[in-house]
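Okay, thanks everyone. I'd like to take a few minutes on charged pairs, so let me put the structure up.

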Amino acid sequence: MSPSESENNNRSSLWEPEPSHIPPTALDLLENYSHIPSAEILPHIIAVRDRAWLIFPYPCIGWFHFLDISISLHHSYPRILASLKAPHADKKLLDLGTCLGQDVRKLVDDGAPARNLYGTDLKPGFLELGYELFNDKNKLNAHFFVADVLIEDAWSEVEGQMDFIHASSLLHLFDWETQIEICKRIVRLLKPQAGSTVFGRMTGNQVARSVQHETVFGAAWRHNEVSFRRMWDMVGEDTGTKWKVWVELGGFVKRQNDHFDNNGVRR
């Protein structure tokens with residue numbers, strides 16, 4: 001089922017009818033992990049995306065950014081993957097804001113033990129559609145669960161158990177104060193030991209500032225390197241921890257009719 005005409009009109013700048021291309025990593029997953037015939041992959045992606053859009057019209061859904069499999073693009077990925085695969089290491093990773101669980105599937109396909117992988121999202125429909133997208137409902141034994149990152153009671157079973165937390169396309173949805181609270185939640189979820197790592201990507205800006213993110217949560221804070229480091233300094237002070245912070249400002253593709261304020265935007 002496709003979004004209604006009114007939804008398309010309201011979200012036109014966030015919507016592409018089909019992906020301009022399927023990134024090689026996503027194509028490989030769908031062909032060799034999910035065993036979907038090549039000729040069926042594009043209509044399969046579009047059908048799942050259209051249903052995901054009806055759950056919530058995030059830009060990453062409308063623009064097919066979930067196909068980026070962004071975890072594998074991070075400079076820390078080889079090190080973290082090797083740690084997860086190490087014999088008897090029993091390291092655990094949580095994908096915070098997992099959406100369709102695409103990054104968890106990449107880890108599994110690359111050899112990480114699924115039993116040590118966790119994915120959580122606010123929307124249960126995204127988790128179910130992830131099984132449909134990757135055709136693995138009956139074979140994947142990773143742990144997916146529904147939770148609100150801002151609600152305390154949702155995390156008691158995994159608090160203090162994670163070695164790694166991957167959080168992409170999450171923090172940039174919120175204002176400065178809420179990002180601080182989310183980062184303190186991340187600290188509580190990680191094991192209280194040296195080497196615990198949080199990594200991911202987000203939309204930032206050359207000049208750190210608040211912008212209106214009208215399609216999602218209203219005001220949102222976009223970091224530059226200075227403000228991102230300052231945030232983690234504040235989180236460290238509040239939690240009694242100390243963090244080594246690595247930041248890289250990349251480029252950003254400006255789309256036609258994109259109504260976001262993209263002056264100086266970076267990822």
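I'll go through some of the salt bridges, pair by pair. Keep in mind that this is a predicted model.

The count here comes to 13 salt bridges.

Let's start with Asp50 and Arg49. These two form a salt bridge, and the closest N and O atoms sit 3.0 Å apart. Buried or exposed, then? Asp50 has a relative accessible area of 7%, so it is buried. Arg49 comes out at 0%, so that one is buried as well.

Next up, Asp136 and Arg105. Here the closest N and O atoms of the salt bridge are 2.8 Å apart. Where do the two partners lie? Asp136 is in the loop between α7 (124-134) and β3, while Arg105 is in helix α6, residues 102-109, so the pair ties together parts that are 31 residues apart in sequence. And again, both Asp136 and Arg105 are buried.

Now the pair I wanted to get to: Lys91 and Asp163. Their salt bridge has its closest N and O atoms 3.8 Å apart. Lys91 is in the loop between α5 (77-85) and β1 (93-96), and Asp163 is in the loop between β3 (143-146) and β4 (164-166), so this bridge ties together parts 72 residues apart in sequence.

Which residues does the network join? Through salt bridges that share partners, Lys91, Asp163 and Lys191 are linked into one network.

Notes
Residues are numbered from 1 along each chain as its sequence is written. This is a predicted model: local features need pLDDT of at least 70, side-chain atom pairs count only at pLDDT 80 or more; totals for chains, interfaces and linings use all residues. Side-chain values use heavy atoms; hydrogens and water are left out. A salt bridge is a side-chain nitrogen of Lys or Arg within 4 Å of a carboxyl oxygen of Asp or Glu. Buried means under 20% relative accessible area, exposed over 50%, partly exposed in between (1.4 Å probe, protein chains only). Helices (H or I, at least four residues) and strands (E, at least two) are DSSP runs, numbered from the N terminus.
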